[in-house]
Amino acid sequence: MWVRKVTRDRRKGVDSPFPTQVVSNEEFIPRRQTSRQQQVEHLIGEMSEARARKLGMDRRDFMRSSMGLATCFLAANTVYGQAFAVEEAETWEAAPGGKKHPKGEYFIVDAQAHFTNGVALDFRNNPIIQGMGFKLKNDADAYSFHNFVKEMFFDSETEMVILSGVPGRERDKDERGNKLEGRARGGGILPSWLMSQAAREINGLSGSVRALNQGNLAPNHYWDRAGKRPDRQATIEQMEREIKQYGISSWKWYCHTDPGRTGGGFQLDDDNAQWFYEESKKRGVKLFSVHKGFSYQSRTLGHLANPKDVEKAALRNPDINFVIYHSALEHGPNEPEFKDPRKVDPTTGDMSWHNLLIEIRKRNPQMRNVYPELGSFFNVLVITDPVLAMHGVGKNVKYYGSDHVVWGTDCLWWGSPQWCIEAFKRFQISDDLCERFGYQKLSREDKARILGVNVARLYGIDVKANRKALPADALSRLKTAYTGLGGQRENAAYGWVRADDEPLPSDNLPSSR
């Protein structure tokens, strides 16, 4: 049985802004908490309780402060070794951390952000939010979307989001042939029409562009069964709807899913995908965001989440940019396969399918249109074993360049992304790994590119203009009021964990030391 991590934490009395185990985004099976994760969780509880008591603070308030987050990083360093730049003083007073890692020092754009369509999240109605124009009802749809706005914008430093879809096919007409609009079109958990609607609502509320939206249409959504190929007329109609009516900025593809019930998925380098590229280019959309890795969603088509098809597609279409989500990591660290040395080599940091993405770049140093993305890659690795996170980020930067690595978090599965942002700001690759594997230390400029500049370039966002305009928009004013009225993040992760997550008797992950 699976439960939301926030439910598990509240049952066990755990309150931490830093997730103490990997959650599933439904793309892999949750596993039990490892012994090292249990140690981190215990230390966070013990250290935060002592500090809150001495400072005369409620522990809940302490854990929502910068001191609480610094305490989490200090606990992680105690268990895993020096992975985060944090000093003891930051766990006792806010000033040191604020000076070294000030909020707003980076322009942050999240390239992989989700909310759910009609799925309630375990979030209490906040009277502060209600009093600021967020008229939350108790229905699941309003609940989840407004929680998304709160946790992405009010509770984190994220300044812009790319609303990223999940596989789903919209229904164009009803049984009588009448054209459908809005919710009647269906399309699953986060369809294209809903992302478009949400982006317009966010941008309308803020008075500036804070959200861009992707489109879910793919070559196997509308199918000519007789011809065994895409129904080209239906596909073109939906393509034009998503581009012209929904205002999409990128396509979001899952090659290993089959919403059109074609009997198979597709590959980036097959003929149907190539036809789609050509039609999309004619209409001005040349950005494709592709889920690779985490193939658990489909037991029969999971092999199509392998990134081997990226190479031919990228070389054949140099005028198209491909963002490879999850950096193509095949298995989550809480899957049994992750302890298999054939899948993860703790000595070299080679991880299955991610290593294929790296090999593609080694073979093609001239290739400049492929971008590894960090959602449910950096954050899952840094919770499981920060040394593997050093290898993963180090390889991405070494072979693709810091100007081609894209920031994304896969939130709301992880709750507010602020912990991911803080972790990356403080994260550094060790001297030892840099010397042995040729990685480079991450400079402030590298982090600035990864956290926002690269995404901005791909989506045509003017960073200077937005940095000037956003602080004065309505969303920034609402955030200031929210903070001033005592608004706080929930420290809740909404992804899935096992209900029976008694800790493993021993750490079954490969040791990186």
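Helix α2 (residues 35–55) and helix α4 (residues 66–80) of this predicted model pack at an angle of about 140°, and their axes lie 9 Å apart. Axes are lines fitted to C-alpha atoms, for helices over the stretch in contact, with angles from 0 to 180 degrees between N-to-C directions. Helices (H or I, at least four residues) and strands (E, at least two) are DSSP runs, numbered from the N terminus. The two helices α2 and α4 are therefore oblique to each other (angles under 35 degrees count as roughly parallel, over 145 as roughly antiparallel, 65 to 115 as roughly perpendicular and the rest as oblique). Residues of α2 including V40, L43, I44 and M47 meet residues of α4, among them M67, L74, A75 and V79, where contact means heavy atoms within 4.5 Å.

The protein chain has 19 helices and 13 strands. Of its 513 residues, 63% are buried (under 20% relative accessible area; exposed is over 50% and partly exposed in between, with a 1.4 Å probe and protein chains only). Among contacts between residues at least 6 apart in sequence, 78% join residues at least 24 apart.

Zero disulfides (pairs of cysteine sulfur atoms within 2.5 Å) are found in the whole structure. For C420, the nearest cysteine sulfur, that of C411, is 4.6 Å away. C420 is buried at 1% relative accessibility, and C255 is buried at 0%.

Residues are numbered from 1 along each chain as its sequence is written. Local features need pLDDT of at least 70, side-chain atom pairs count only at pLDDT 80 or more, totals for chains, interfaces and linings use all residues, and side-chain values use heavy atoms, with hydrogens and water left out.
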